[in-house]
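Good morning, and thank you for coming. Please look at the structure on the screen while I go through a few of its local features.

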Amino acid sequence: MERKAPLVVVGDALLDRDVTGHAERLAPDAPVPVVDDCGERTRPGGAALAAYLAARDGRDVTLVTGLGDDPASRELRRLLEPWLTLVPLPLTGPLSEKTRVLAQDRPVVRLDRGAGRTREATGAARELVRRAPAVLVSDYGRGTADALRDDLAARPPLVWDPHPRGGAPVPGTRLVTPAEKEAHVLAPRDGTPRRDLHAAAHSAAALVRRWRAAAVAVTLGARGALLSYGEHPLLVPAPAGHPGDSCGAGDRFAATAAGLLADGVLVAEAVEGAVTAASAFVAAGGAAAVPATDTPRVPPPDDDPHALAARVRSAHGTVVAAGGCFDLLHAGHVGLLQAARRLGDCLVVCVNSDASVRRRKGDGRPVNPLADRVRVLRALACVDAVAVFDEDTPERLLAGLRPDVWVKGGDYAAADLPEAALLERWGGQAVLLPYLDGRSSTALMERAAEGAR
């Protein structure tokens, strides 16, 4: 997989704090829960969370934000400096802090303090923004985007994540990502407020025109996102609905979309990838489950699958591998690989060489040569690396990769997986995943031949 593109994040950083405990009784002096056995954890918030998540994705990230010398600013610097480059702007007042008190992982109350705003832009920040090939604006209405508005207008950002208290995105922004509630506030309609797809489509179209943006994606929580270029919106459904903590999901969505656009994908593909990432983020526990900043950093993947597997393993991650010919890539393949990637922290696809395919499938196969098959697989967002094997089975390759999970499509039986016993040697597990019925390269070729006749 090619190295991920770098990203500059411009926006308002916050310091978030979770105070977590258990509530099993009410206070004797007031009808409020008593939260016992509290633990406390700080993490990046606002634009800092978006930048941190992008950095954990393996990107070189630079964050331009207001920071002072108050305790919250110093703590945020400590959290971020091992992961990204900070370009601080002068701040008036202390950095904003948001503290959530949770009982049984459910918020009870939120405490806010600190009203610092970015005072002005520096020459270094202006030059950086004007030279940056890819910019994400995470505007929480605390002055950073306003201070750099002229520079952002000269080089419109890829993604602008807006807030009702912030300014409008600069014209020419490629994708704006308001939440559903924010979109209705920013583009109000006459009459009774509605929260349905029709209202979201109306708001998105109105904001495309008002902001002169290339596209607007209204995030809909568990329903996914609605992408509009001004008319005929595209609904991108979430792969699954999760009732968990959605705090930070908007930052996960914006960071993923900006990164994918920086990598060169189309807007619709970036929104699809962002919906999947945000859904997985909520399923994993939301902002409360964001990896601590002192956990090991996994460098960005490269074309060496063995090096990738070793790095992920050294960071205590889970290595997933999947195998096959992947001759004519179809929906069954894509669904299998997407499901496999969700099982761990990286996915290595083991693909048969041309000679191996011929021995298995006969003359005339593969239809697509190895170079084409590898290129298509590497283009999938769920694939981190591709490895090629020339034997009839990938056992020798797997012995070198030593994956934690080996995935095959559900059209195999357990008896057809000689790799299962091999994985047991190092504590790995072979699993079957459901395959979309009726999808196979052979079936596609037979249907094409019937059509030709």
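In which sense do β13 and strand β14 pair, and over how many bridges? Strand β13 (residues 216–219) and strand β14 (residues 225–228) pair in the antiparallel sense, over four bridges. Strands here are DSSP runs of E with at least two residues, helices are runs of H or I with at least four, and both are numbered from the N terminus; two strands pair if DSSP finds at least two bridges between them.

A word on the source: this is a predicted model, in which local features need pLDDT of at least 70, side-chain atom pairs count only at pLDDT 80 or more, and totals for chains, interfaces and linings use all residues. Residues are numbered from 1 along each chain as its sequence is written, and side-chain values use heavy atoms, with hydrogens and water left out.

Five residues lie between the strands, and Gly221 takes a positive phi near 65°. Both faces of β13 are covered: Val216 and Val218 on one side, and Ala217 and Thr219 on the other, are all buried. Buried means under 20% relative accessible area, exposed over 50%, and partly exposed in between, with a 1.4 Å probe and protein chains only.

By that scale, Val109 counts as partly exposed because its relative accessibility is 40%. Val109 belongs to strand β8 (residues 106–113).

Thank you for your attention.
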